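Hi there,

Here is the structure I promised to pass on. Have a look at it first, and then read on for what turned up.

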Amino acid sequence: MAEFASLVPDSTEDLSHLNHSVQPETRSDIYNSLLSDAGLKWAGLTAHQQAQLQSVETDDVCDVNEPGWGQCLRNAYKCYIDSWNRSAAGTAAASGNCPVKYDGHQCWEEQKPGLRSLLPCTKAIPTEYHFCKDILPSIDLSSLHAYRLCGADGAWVNDGTDYTTCHGYMEQCSNMSDQLSRPDPFNFSSNTPIPDLLDVETKRIVIYLFTGLAVTSMILLAISLFIFSYFK
């Protein structure tokens, strides 16, 4: 932690050696840009503010292997920087409260002990699930929430977010999507060829059956014509 602070005295210094496991230019550009936009410098931050920004790296909430890593990192830093403007003192969380926290999806505001914070699932649903609103039109996604519980000790319970409701929505959507995309074996207008719906033995039986019915029909037709002509 001390190394982080010593290497970042202001908003313009190169942070390329901050984290060796990611692309340093990207992290540095994002970090410096947000501090500059807020008119801040590292040297002017309080110890609490510095610790919040350091937690973005130490908590590892943004996966460097994910395509959206850069945006996740920007959202994380912005979560804490914006909270300073909303805080009365602009320095530290109120005594005894659960602190502001970015969990990789959403920014959770400071909360009082014993209370539960709610945020809609909208920001936690990946873009590849945005089609779900067409499959599940009766479900209002904005009415589904994730939550974090602030413990009596002023710490987030299990330091985690409960996204059970959000995950349930995605699972239900996936199941419905699978059912809609599965071909109907009784719908012969589908793109599935009819022979592919039958095994070899069944195909043989069907062929024999249709052939037998065709021959029988021809014989009965001939008999009918004979009788009709005979008694005419």
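A disulfide here is a pair of cysteine sulfur atoms within 2.5 Å. Please keep in mind that the model is predicted. By that rule, the count comes to five disulfides. With the bonded cysteines of the protein chain numbered in sequence order, they pair as 1-2, 3-5, 4-8, 6-9 and 7-10.

Cysteine 79 is buried, at a relative accessible area of 4%, while cysteine 107 counts as partly exposed at 25%.

Next come cysteine 121 and cysteine 166, also joined in a disulfide with the sulfur atoms 1.9 Å apart. Cysteine 121 is in the loop between strand E3 (116-120) and helix H5 (132-135), and cysteine 166 is in helix H6, so this bond ties together parts that are 45 residues apart in sequence. With a torsion of about -80 degrees about the S-S bond of cysteine 121 and cysteine 166, the disulfide is left-handed. Cysteine 121 counts as buried at 0% relative accessibility, and cysteine 166 counts as buried at 1%.

Cysteine 132 is joined to cysteine 173 by a disulfide (S to S 2.0 Å). This pair links distant parts of the chain, with cysteine 132 in helix H5 and cysteine 173 in helix H6, 41 residues apart. The torsion about the S-S bond of cysteine 132 and cysteine 173 is about -90 degrees, which makes the disulfide left-handed. Both cysteine 132 and cysteine 173 are buried.

Now for the charged pairs. How many salt bridges does a search of the whole structure find? It finds three.

One is between the side chains of aspartate 59 and lysine 101, at 2.5 Å from N to O. The two come from distant parts of the chain, 42 residues apart: aspartate 59 is in the loop between H3 and helix H4 (69-86), and lysine 101 is in strand E1 (residues 101-102). Aspartate 59 counts as partly exposed at 34% relative accessibility, whereas lysine 101 is buried at 12%.

Another salt bridge joins aspartate 82 to lysine 78, with the closest N and O atoms 2.7 Å apart. These two residues are separated by about one helical turn, because they are four residues apart in helix H4. Aspartate 82 is partly exposed at 24% relative accessibility, and lysine 78 is partly exposed at 39%.

The side chains of aspartate 159 and arginine 148 also meet in a salt bridge, at 3.4 Å from N to O. Aspartate 159 lies in the loop between strand E4 (145-149) and helix H6 (164-181), and arginine 148 lies in strand E4, 11 residues apart. Arginine 148 is buried, with a relative accessible area of 1%, while aspartate 159 counts as partly exposed at 48%.

Finally, do take a look at serine 55, which is in helix H3 (residues 47-58) and counts as buried at 14% relative accessibility. A polar atom of the serine 55 side chain lies 2.5 Å from the backbone oxygen of glutamine 52. Leaving aside residues up to four places away in sequence, serine 55 touches Asp60 and Tyr80.

Best wishes

Key. Residues numbered from 1 in each chain as written. Predicted model: local features only at pLDDT ≥ 70, side-chain atom pairs only at ≥ 80, totals over all residues. Heavy atoms only, no water. Buried < 20%, exposed > 50% of the residue type's maximum accessible area, 1.4 Å probe, protein only. Polar contact = N/O pair within 3.5 Å; in protein donor to acceptor, adjacent residues only side chain to side chain. Contact = heavy atoms within 4.5 Å. Salt bridge = Lys/Arg side-chain N within 4 Å of Asp/Glu carboxyl O.
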